[in-house]
Amino acid sequence: MAGETRSTEARKKLSKKVAANSAIAKKRKAKASKKPPYRPLKFRSVEALQKQIDAYFDSCNDYVRNAKGIRIKDSETGGYIKYQVLVPTVTGLAVFLDTSRETLLDYENELHKNKDIPDEIKHGFSDAIKKAKLRIYAATEQELYHGKPTGAIFSLKNNYGWEDKTKVETENVGRHNPFENLSEDELRRLAGEITS
């Protein structure tokens, strides 16, 4: 009888556990149905995205300063002179925008899963990212002319489709056999002369 009581208690506990798990599953399902099936937009407008992109490129530069640390002005324009401290990169842009490379490239390729975005905004996001990538591409190309270009070459090959190509020009000469017109006897005689 004691064994049956334990068995009954175990079944009751199990059924309570199943019921609790079922209730949790129902709550999760209800919560998930309220959410849109896509991630909300990171940027509300193309202008907001462009402003952040410009801020990223600006963050890659610093001011030229004199020995006292005072910024130096350009005598012609009157603006402060800047120089590039960091080479801009696609990953750097993604980090600055607080997103991933993949999400950034989805925006560029208009693959964002949010169906509520009007096409003109999708195209605007795409254009902004493409222009930013072109600026990064130009900066990476410039790195080829400074110091050790290995990193720039790697980036250009992997991100921009560059390839090492070697052009080899050959003439269609064909093979020439100096013995092709000799008879079998002549060949045997030559072989005998060579071996003796």
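Guide: Gladly! Let us start with a definition: Ala, Val, Leu, Ile, Met, Phe, Trp, Tyr, Cys and Pro count as nonpolar, Asp, Glu, Lys and Arg as charged, and the others, Gly among them, as polar. By that sorting, the lining of the second largest pocket holds five nonpolar, six polar and two charged residues. Please keep in mind that this is a predicted model.

Visitor: Which residues lie nearest the centre of the second largest pocket?

Guide: They are T89, V90, T140, S155 and N159, out of 13 residues in the lining. The volume of this pocket is about 150 Å³. Two or more lining residues come from each of α3 (90–96), α5 (119–143) and α6 (150–160). The largest share, five residues, belongs to α6.

Visitor: Which residues of α6 are buried?

Guide: In α6, the buried residues are A152, S155, L156 and Y160. They cover an arc of only 100° around the axis, and therefore sit on the same side of α6.

Visitor: What makes K133 a buried residue?

Guide: Set the value against the cut-off. Buried means under 20% relative accessible area. K133 has 18%, so K133 is buried. This residue lies in helix α5.

Visitor: Which residues does K133 touch, leaving out those up to four places away in sequence?

Guide: K133 touches V90, L105, E108 and Y160. Y160 is also one of the buried residues of α6. As for E108, it is 25 residues from K133 along the chain, and their C-alpha atoms are separated by 9.5 Å.

Visitor: Why is L105 called partly exposed?

Guide: Partly exposed is the class between the two cut-offs, under 20% for buried and over 50% for exposed. L105 has a relative accessible area of 24%, so it is partly exposed. L105 lies in helix α4.

Visitor: Why do D58 and L111 get the label partly exposed?

Guide: D58 has 40% relative accessibility, so D58 counts as partly exposed. L111 has 48%, so L111 counts as partly exposed. D58 is found in helix α2 (residues 46–59), while L111 is in the loop between α4 and α5.

Visitor: How far apart in space are D58 and P88?

Guide: From C-alpha to C-alpha, D58 and P88 are 9.8 Å apart, and they are 30 residues apart in sequence. For L111 and S126, 15 residues apart along the chain, the C-alpha separation is 9.6 Å.

Visitor: What share of the chain's contacts joins residues 24 or more positions apart?

Guide: Counting contacts with a separation of 6 or more, 51% are between residues 24 or more positions apart.

Visitor: How do you know that D98 is exposed?

Guide: Exposed means over 50% relative accessible area. D98 has 58%, so D98 is exposed. You will find D98 in the loop between α3 and α4 (101–108).

Visitor: What is the phi of D98?

Guide: D98 has a positive phi of about 60°, although it is not a glycine. As background, most residues other than glycine have a negative phi. There is a glycine to look at too: G161 follows α6 and has a positive phi, near 75°.

Notes. Residues numbered from 1 in each chain as written. Predicted model: local features only at pLDDT ≥ 70, side-chain atom pairs only at ≥ 80, totals over all residues. Heavy atoms only, no water. Contact = heavy atoms within 4.5 Å. 1 Å grid on protein atoms, 1.4 Å probe; cavity = no way out; pocket = protein on both sides within 12 Å on 5 of 7 lines; lining within 4 Å. Points joined across faces, edges and corners; volume = space filled by probe spheres on them. Helix = DSSP H or I, 4+ residues; strand = E, 2+ residues; numbered from the N terminus. Buried < 20%, exposed > 50% of the residue type's maximum accessible area, 1.4 Å probe, protein only. Arc of directions from axis to C-beta.
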